[in-house]
Amino acid sequence: RAPAQGYAQTATAYSARVACSCRFVAGRSLDDCAKDKLEGMELVTLVDDVEAKSVTARFPLMADDTAFYREGYGCVLQRWED
C-alpha cells in the first residue's frame, strides 16, 4: 500500500498544481487542461472552483490535493496536514 499511496499523493499534487496553472494562469478550459495529464495518471480526476480559483485533483480512495491561484505567486498547493 505504501508505494501506491505515494504514487497517488504525488499524482494528485502534481495534477492539481499543473491544472490550476493551466486553468487560471493560461486561461484554458478544464477539459483542455485534462489533456496535459501524464501517462499513468488516467485515474486522477480534476474539478475546478472558479470562484475560489482552485483545482482539486483526486485519486479514488487514496488521495486528493487542491491548488489555489494566488496573485503574484501563481498556483500553490493547499498546505498538507500530518
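Trainee: How many disulfides does a search of the whole structure find?

Mentor: The search finds 2, a disulfide being a pair of cysteine sulfur atoms within 2.5 Å. This is a predicted model, where local features need pLDDT of at least 70, side-chain atom pairs count only at pLDDT 80 or more, and totals for chains, interfaces and linings use all residues. Residues are numbered from 1 along each chain as its sequence is written, and side-chain values use heavy atoms, with hydrogens and water left out.

Trainee: Which cysteine is joined to Cys20?

Mentor: Cys75, with an S to S distance of 2.2 Å. The link is left-handed, at -70° about the S-S bond. It connects distant parts of the chain, since Cys20 sits in helix H1 and Cys75 in strand S4, 55 residues apart. Helices (H or I, at least four residues) and strands (E, at least two) are DSSP runs, numbered from the N terminus.

Trainee: Are Cys20 and Cys75 buried or exposed?

Mentor: Both are buried. Buried means under 20% relative accessible area, exposed over 50%, and partly exposed in between, with a 1.4 Å probe and protein chains only.

Trainee: And what does Cys33 pair with?

Mentor: Cys22, at 2.0 Å from S to S. The torsion about the S-S bond is about -90°, so the disulfide of Cys22 and Cys33 is left-handed. Cys22 and Cys33 are buried.

Trainee: What is the pairing in sequence order?

Mentor: Numbering the bonded cysteines along the chain gives 1-4, 2-3.

Trainee: Back to S4. Which strand is it joined to, and how many bridges are there?

Mentor: Strand S3 (residues 63-70) is joined to S4 (residues 74-77) by 4 bridges, and the two run antiparallel. Two strands pair if DSSP finds at least two bridges between them. Cys75 in S4 is the bridge partner of Tyr69.

Trainee: What's in the turn?

Mentor: S3 and S4 form a hairpin with 3 residues between them, and Gly72 in the turn has a positive phi of about 85°.

Trainee: New topic. Which residues have the most contacts inside the largest nonpolar core?

Mentor: They are Cys20, Phe24, Val44, Leu46, Val55, Ala57 and Tyr69, in a core of 17 residues. A nonpolar core is a set of buried Ala, Val, Leu, Ile, Met, Phe, Trp, Tyr and Cys residues joined through side-chain atoms within 4.5 Å. H1, strand S2 (54-59) and S3 each give two or more residues to this core. The largest share, 6 residues, is from H1.

Trainee: How many cavities of 30 Å³ or more?

Mentor: The count is 1. A cavity is a set of points on a 1 Å grid over the protein atoms alone where a 1.4 Å probe fits but cannot get out. The largest cavity has a volume of about 60 Å³, volume being the space filled by probe spheres set on the points, which are joined across faces, edges and corners.

Notes
1 Å grid on protein atoms, 1.4 Å probe; cavity = no way out; pocket = protein on both sides within 12 Å on 5 of 7 lines; lining within 4 Å.
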